Amino acid sequence: MNIFELLLLAAIWGASFLFMRIAVPELGPLPLIALRVGIAALVLAPVLRLAAARSQLRAKLWPLFVVGLTNSALPFCLLAYSTLYVNAGLDSVLNATTPLWAAAIGAAAFRIPIQRHQTVGLLIGLLGVVVLVSETLGSGAVGGLRAVVAALLATFSYGFAVNYSKRRLAGVQPFVVAFGSQFFAAVALLPVALLSWPTHSITPSTWGYVGALGVVCTGFAYVLFFRLVENVGSAYAASVTFLIPIFGVIWGAVFLGEHITPMTLIGGAIILFGTAVASGKIAAGLMKKSATPR
């Protein structure tokens, strides 16, 4: 059951890149993401029925606002902008660099000691990014460089949010963090979204993708993620990072006809390997294997 939920979560989060790729040309990045986080906040709002949740929300208003900006508003907008110029599969693979940034930022800004395997993983991941984007940049596609930079800035923001939330939101109920981050992201994006709201009418299918992004890919996905954390632990739930790019590439190829090139596969594999090394999963696996009696 847990493996099914993990695969379902990866499929859902992988599909978010597909929905953004389809909807953002018509709505624009800012209105699309404002709607996404606003809908997600409504889906998660029932958590406020609990007095303890309301108390924690009031006590942590500023940290939740910061996490809302750095873990939702900013990275979602950057990734949505990126999908204007690069395909959904590439964006989903670049998204897998988040744990690499988390390790680097933890060491540089939060004084968390970085271990040798993390350094090795960071270097491997960087090589993977170079391989992955070389084809896009070499093709001379308009906006390609800006799109790649935007996607990497998004994962940099995620990396900061991971470390900040561990430091400032320890002990806060996960669903309070989920609701608070989406609510404050919506509050922050509402003014700029209104200023950039499209003047043309929006097709019904696009509204459907917006609803899927908010309800399924954000609200329901958070519920599923924290259910996994509760049932099997955060380490197991975090392994979804390795599966999201697989689904992102598959959905892009199946529904948008995106071409899967050898460089995409090679670069993506290197990034995922580097992420596994940096997160300690490879090292832990090898140590466990070496300790097994023969």
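**Exercise 1.** How do the residues lining the second largest pocket divide into nonpolar, polar and charged?

*Solution.* Keep in mind that this is a predicted model.
- Start with the space: the second largest pocket holds about 270 Å³.
- Next, the lining: 16 residues line this pocket, and Asn 87, Glu 135, Thr 136, His 259 and Thr 264 are the closest to its centre.
- Now sort the lining by type: you get 7 nonpolar, 7 polar and 2 charged residues.

**Exercise 2.** Work out which helix supplies the largest share of that lining.

*Solution.*
- List the elements that give at least two residues each: α5 (88–95), α7 (116–138) and α12 (244–256).
- Then pick the top contributor: α7, with 3 residues.

**Exercise 3.** Is Leu 74 buried, partly exposed or exposed?

*Solution.*
- Find the residue first: Leu 74 sits in helix α4 (residues 61–82).
- Check the cut-offs: buried is under 20%, exposed is over 50%, and partly exposed is in between.
- Leu 74 has 44% relative accessibility, so it counts as partly exposed.
- For its surroundings, skip residues up to four places away in sequence; Leu 74 then touches Leu 69 and Ser 157.

**Exercise 4.** Find which members of the largest nonpolar core touch the most other members, then follow Leu 94.

*Solution.*
- Out of 62 residues in this core, the answer is Met 20, Leu 32, Ile 33 and Leu 94.
- Helix α1 (residues 2–27) gives the most to the core, 14 residues.
- Ignoring neighbours within four places in sequence, Leu 94 contacts Val 129, Leu 132, Val 133, Val 148, Ala 151, Leu 152 and Thr 155.
- Apart from this core lies another one of 20 residues, including Val 66, Ile 105, Leu 169 and Ala 178.

Note on methods:
Residues numbered from 1 in each chain as written. Predicted model: local features only at pLDDT ≥ 70, side-chain atom pairs only at ≥ 80, totals over all residues. Heavy atoms only, no water. 1 Å grid on protein atoms, 1.4 Å probe; cavity = no way out; pocket = protein on both sides within 12 Å on 5 of 7 lines; lining within 4 Å. Points joined across faces, edges and corners; volume = space filled by probe spheres on them. Helix = DSSP H or I, 4+ residues; strand = E, 2+ residues; numbered from the N terminus. Nonpolar A, V, L, I, M, F, W, Y, C, P; charged D, E, K, R; others polar. Buried < 20%, exposed > 50% of the residue type's maximum accessible area, 1.4 Å probe, protein only. Contact = heavy atoms within 4.5 Å. Core = buried A, V, L, I, M, F, W, Y, C linked by side-chain atoms within 4.5 Å.
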